[in-house]
Every structure is written in structure tokens, then in C-alpha cells.
Amino acid sequence: MSWTRTIAAIALLSALIPLTAGRAAGDAPIDVIFVTDDSPSMGRNDPAGVRTRLMKALCDLLLHRGGDRVAVLRLGGALESEESGLEVFPLREVPAAVAEKSKLLFDVKAAFDSRLPGFGRGSDFNRLFETGVFKLLRERADTRKAFVVLVTDGAMDVIEGDRVHGDYRKAVEGQAGGMTREALNDAALRRFRTAVLPILEESGISLIPVALRMSPAAGSAVLSDLAALKGGSDRVIEL
């Protein structure tokens, strides 16, 4: 991926997220949740960690206004999510004071390096939203506008090595083709469309999916569904 494309993507994202220093003093504060894909396929599609560099650049570019809040989650498998959680950096308010703001930005960027466990064991978008994004938003003390910036290769893969969550096993039991990877991932996609997307549609979250161009993410059914949500980016942003 060229740095020209990265810079273009950052410029587009900065236009979508109203977090620039020029915001009016009376503008309502917002929450920004960065989500980084930590699945096994990223070891192939982003071995150099471009997505992490992009997230850090966005932190510097966008988190200027005191009173806004920022959090970081990771996309992994359902079972590993239950075992080790999805939180990389908890929801924290951006301070108004310059020194304190700089310290927060340093801590957010350091979390990308210290709290991501390398490449995980799966990519379950259902768990990301059900036990990550939705849980975080439910626990807030207010209902301010939230933006979710998701950088991923777009693959829904609920197989975690030799394990798979029981919900998906139950969903394909008795099917003629057996418990194949394709059948399990199809079951996960059906759950995503019937149980996750309707909540997202009604939540008012602005979802901004960013696809790594070296992968087949631009054709991802999950990312296409997310981009089509009202109030989001209307398209998958390709790097």
C-alpha cells in the first residue's frame, strides 16, 4: 500500500469525523472508537502493521478537542474474546490542557504496541459489536454521538484453530454439508445480518469501514453491509 493512499484515506476520515481543532466551542462532544483487526489473516495481509500506523496517525490528526472521548478495541475470535477481552484502551476523555492531552495521546498510541497480542485466532464481527462496541456504549454515562473507525481485511472467520464457538456449531447442526468452515462462517454472517445490523441501524452510530487493499476486503459482505448503514461512510474506504 502506498503512503499516497494512506494520506488520502486519513484526509477522507478526518472529513467524516468532526474532531478537528476548528470545531465550534458549542459543538457537542463525541466519542470515537477505533477498532483494529487482530485476526490471523492480518499476518498475511498486513505483516508490516500498516493499520496500526494509520490508527496512530489518526489519533494525532483528529483528537484535538477537549471533552471528546476515545477508546480502542480489537477484532478477534469469539472464544479468545471471552478469554482475554476486546479492550485495547478504555473509553477516556480528551483533556483540554495541552500537556494532559499529549499524555493521553501517548498512552493511546502506546496501547497499540503493548496491548495487542500479535495476531489472534479468528475474526468474529458479531462478538466485536455484541460484547465490544455495544457493551462500551451501554456503559457510558451519556448518549453522545459515537463514531466507529474499523480497519480490517474484511474476512468473517469464526474458526479459531481447532475450536469454534458453540453458538455456530448449533446453528449448522444437521445441515447436509456438515460442519465446514464455509457453513460456520455463513451461519455467522446470518447472525450478523439478523441480530447485529438492526441494532447498529437504530443506534445512531456512524460506522466507517476501512479495508486493506491488498486483501479481498473491498468485496467483503460484512464491510458492504456496514458501509450501507445510515449515518456512516456510504462506502468502504480502501487503502
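Helix H8 (residues 181–203) contributes the most residues to the lining of the largest pocket, namely four. The model is predicted, so local features need pLDDT of at least 70, side-chain atom pairs count only at pLDDT 80 or more, and totals for chains, interfaces and linings use all residues. Residues are numbered from 1 along each chain as its sequence is written, and side-chain values use heavy atoms, with hydrogens and water left out. Helices (H or I, at least four residues) and strands (E, at least two) are DSSP runs numbered from the N terminus.

**Largest pocket**

- The largest pocket holds about 330 Å³ of space.
- A pocket is an open set of points on a 1 Å grid over the protein atoms alone, where a 1.4 Å probe fits, with protein on both sides within 12 Å along at least five of seven lines; lining residues have an atom within 4 Å of a point.
- Among its 22 lining residues, Ser123, Ala155, Met156, Asp157 and Asn185 are the closest to the centre of the largest pocket.
- Helix H2 (41–45), H8 and helix H9 (221–227) are the elements that each give two or more residues to this lining.
- Seven nonpolar, nine polar and six charged residues make up the lining of the largest pocket; Ala, Val, Leu, Ile, Met, Phe, Trp, Tyr, Cys and Pro count as nonpolar, Asp, Glu, Lys and Arg as charged, and the others, Gly among them, as polar.

**Second largest pocket**

- About 260 Å³ of space lies in the second largest pocket.
- Its lining includes Leu73, Ser81, Gly85, Thr131 and Lys135.
- Strand E3 (87–93) and H6 each supply two or more residues to the lining of the second largest pocket, and H6 gives the most, with four.
- By class, this lining divides into five nonpolar, four polar and three charged residues.

**Packing of H6 and H8**

- Helix H6 (residues 125–138) packs against H8 at an angle of about 30°, and their axes are 9 Å apart.
- H6 is therefore roughly parallel to H8, a term for angles under 35 degrees, while those over 145 count as roughly antiparallel.
- Residues of H6 in the contact (heavy atoms within 4.5 Å) include Phe125, Phe129 and Phe134, which face a group in H8 that includes Ala188, Phe192 and Leu200.
- The contact of H6 with H8 has nine nonpolar, one polar and three charged residues.

**Packing of H3 and H5**

- Helix H3 (residues 50–62) and helix H5 (residues 98–114) pack at about 175°, with axes 10 Å apart.
- H3 and H5 are therefore roughly antiparallel to each other.
- Thr52, Met55, Lys56, Cys59 and Asp60 of H3 meet Leu105, Val108, Lys109, Phe112 and Asp113 of H5.

Definitions and conventions. Axes are lines fitted to C-alpha atoms, for helices over the stretch in contact, and angles run from 0 to 180 degrees between N-to-C directions. Angles under 35 degrees count as roughly parallel, over 145 as roughly antiparallel, 65 to 115 as roughly perpendicular and the rest as oblique. Grid points are joined across faces, edges and corners, and a volume is the space filled by probe spheres set on the points.
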